[in-house]
Structure formats: structure tokens, C-alpha cells
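Me: Could we go through this structure together, starting with how its helices pack?

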Amino acid sequence: MAEDGAVTLYKATSITDAKKNSFSIKAGPAQMLRGGAIVEVSTLNQAKIAEEAGACCLVITEPNRQGISRMPDPSIIKQIKRCVLIPVMARSRVGHFVEAQILERVGVDYIDESEVLAIADEDNFINKHNFGCPFVCGCKNLGDALRRVREGAAMIRTQGDLLGTGNIAETVKNVRSVMGEIRILNNMDEDEVFAFSKEIAAPYDLVAQTKQMGRLPVVHFAAGGIVTPADAALMMQLGCDGVFVGSEVFDNGSDPYKRVRGIVEAVRHYNDPHVLVENSCGLEEEMAGLNVSEETMEPFGEGGA
């Protein structure tokens, strides 16, 4: 606990000084989600299943529809919020600050400025410092992550597959990219940090803080293609603080509770092989509809490596 009763998540720095910046207050609720699974739902029944299975938060989306993807209907958010006790998150389009204003007014606990939806502003992200609600933003590398933090993101989501195919390869690639750049940064001389921050186009103070902490300065989740307990444990062992689980876990098989519960347990016990074995048994049929076709897979070694 810091002085004057303010909660300080990490050591006093430019982005976690509650006396100068309200970011620390918004980062607190995000910190509470560490070690959990955030589950995407589109109906009240799915929300109840996810809550019973142990999800730490719900992402409310609308069922798949043709055309432009936008924020969910506020009436759906209100309906689900009345029936669950865990935090609720909703997505706004990138750069669409009015959608974010509506979601904050509706009373969501977190706003995800998501590239999964259509992009409203191709050049600018939302200035998240103008909101009291914590924001989640996506990234594919360390520079992306730290630029979003400078804009006010209280949580970073390393994004992989956007199509709901169950292919985790892109997520693994991007998580390894972020973690690899952090390891490189940790081994740098202090004088090299200036050039590195310029190279990745990120604010120097946040790059220096990342080096000092040996990790991102905010909570770091992974998203995309995570549909089995093994997938979730893989993300955790790579260094993430938690995972997002797509609504595709509700679309196939007969027991979505078992699938969601298995992922939740895998996140909590990602280093315990006995728990992972127990929660992975009997899921082959449940995941049958999430197999990626050969046409959508890039041959190994042809990705420009």
C-alpha cells in the first residue's frame, strides 16, 4: 500500500503515481483479473455457464451477423449485468470514442477497444485517459503494447486468430514476439534503451519501466485460438497473466461447461500436469468443429522466417 491510502500496483513511476495520474485507480480492477480466464458470451445462458465454470470476467458480444461489426446492443449488456455477479466487459470499435462513452454510461466494468470489430478510425485510437472505465487494447509486439499503455490502456491483450478457427499459431507467434523483445530489452545497457525505444516507436519512459520490471507495466492477457486447457496453459507458461476464451467454445459439442471449466482450471494450475491431464480428457469430440482446414494453414517454414 502506498502513502495516503492509494494503491500502487508497482513501484512509483510515471504511469502509476496516483497523485498525478488516475491511471493507477483504473489499473487496480485490471490487476484483479490476473490468473483468470475472460470468456466471450453473446446470450444470457452462455453468461451463466461461464460464471458457473469460474470465468473471472465476461466479454459481451452480439451473435455473428452480416456486415459491419459494432459494439453490442446496450440492452443485452444490461440484461446480462442484472443476472451475473462477475465483472462485465464490452467491445468498442478502434477509435470510436462515442461507442466507448455509451458503454461507460451503460455501466460495463471494462471496455475493449477491439480490432476484432470493424475499425472506425484508421489513424487514431481512443484517448483512454478521458474515461474512468479501464480499457483493454490489443497488440502484436512490444511497441504496439507500450503505445496503447501511453494512450491509457490498463490491460494489454496480445491478439492472434481473429476468425474463431481454433488456430493458436498466430497467438503463440505474437506472444513470443512480445516476450522476446522484453528479454532483449532486459539484457541491454542503459544507454541502448534510447535507441531501442526509437526503434520500436514506443515512449522511452515506458520502455525503461518495462526493462526495470522485466515485464509489461500492465496486466497482459492472450487472445485468439485458445479453445483447450492445453492452449490456456501454454499461454500462461509463455508468461501471460491470463487468457481470453472465444465464444466458439459454446458453438460445438454438448457440454460447454466442461470446456470452459477445463480452461479455467488450466489457467489456475498451468504448471500442474496432473490437473492438465484431468481437464483435457474427453474433449476431442467437443473440439471436433474447431479443427483448422489445411487451406487456412501456412506451411511451416514459409512465413518469412
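**Helix packing and the main pocket**

Reply: In this predicted model, Pro74, Ile77, Lys78 and Lys81 of H3 meet Ile102, Leu103 and Val106 of H4, where contact means heavy atoms within 4.5 Å and helices are DSSP runs (H or I, at least four residues) numbered from the N terminus. By class, this contact has five nonpolar, no polar and two charged residues; Lys counts as charged, and Ile, Leu, Val and Pro are among the nonpolar.

Me: What rules apply to the model and its numbering?

Reply: Residues are numbered from 1 along each chain as its sequence is written. The model is predicted, so local features need pLDDT of at least 70 and side-chain atom pairs count only at pLDDT 80 or more, while totals for chains, interfaces and linings use all residues.

Me: At what angle do the axes of H3 and H4 cross?

Reply: They cross at roughly 30° and come within 10 Å, with axes fitted to C-alpha atoms over the stretch in contact and angles running from 0 to 180 degrees between N-to-C directions. H3 and H4 are therefore roughly parallel, a label for angles under 35 degrees.

Me: Which residues of H9 and H10 meet?

Reply: Pro229, Ala232, Ala233 and Met236 in H9 meet Gly262, Ile263, Ala266 and Val267 in H10. That contact has seven nonpolar, one polar and no charged residues.

Me: How do the residues lining the largest pocket divide by class?

Reply: The lining has 13 nonpolar, 11 polar and nine charged residues. A pocket is an open set of points on a 1 Å grid where a 1.4 Å probe fits, with protein on both sides within 12 Å along at least five of seven lines, and lining residues have an atom within 4 Å of a point.

Terms used. Side-chain values use heavy atoms; hydrogens and water are left out. Helices (H or I, at least four residues) and strands (E, at least two) are DSSP runs, numbered from the N terminus. Angles under 35 degrees count as roughly parallel, over 145 as roughly antiparallel, 65 to 115 as roughly perpendicular and the rest as oblique.
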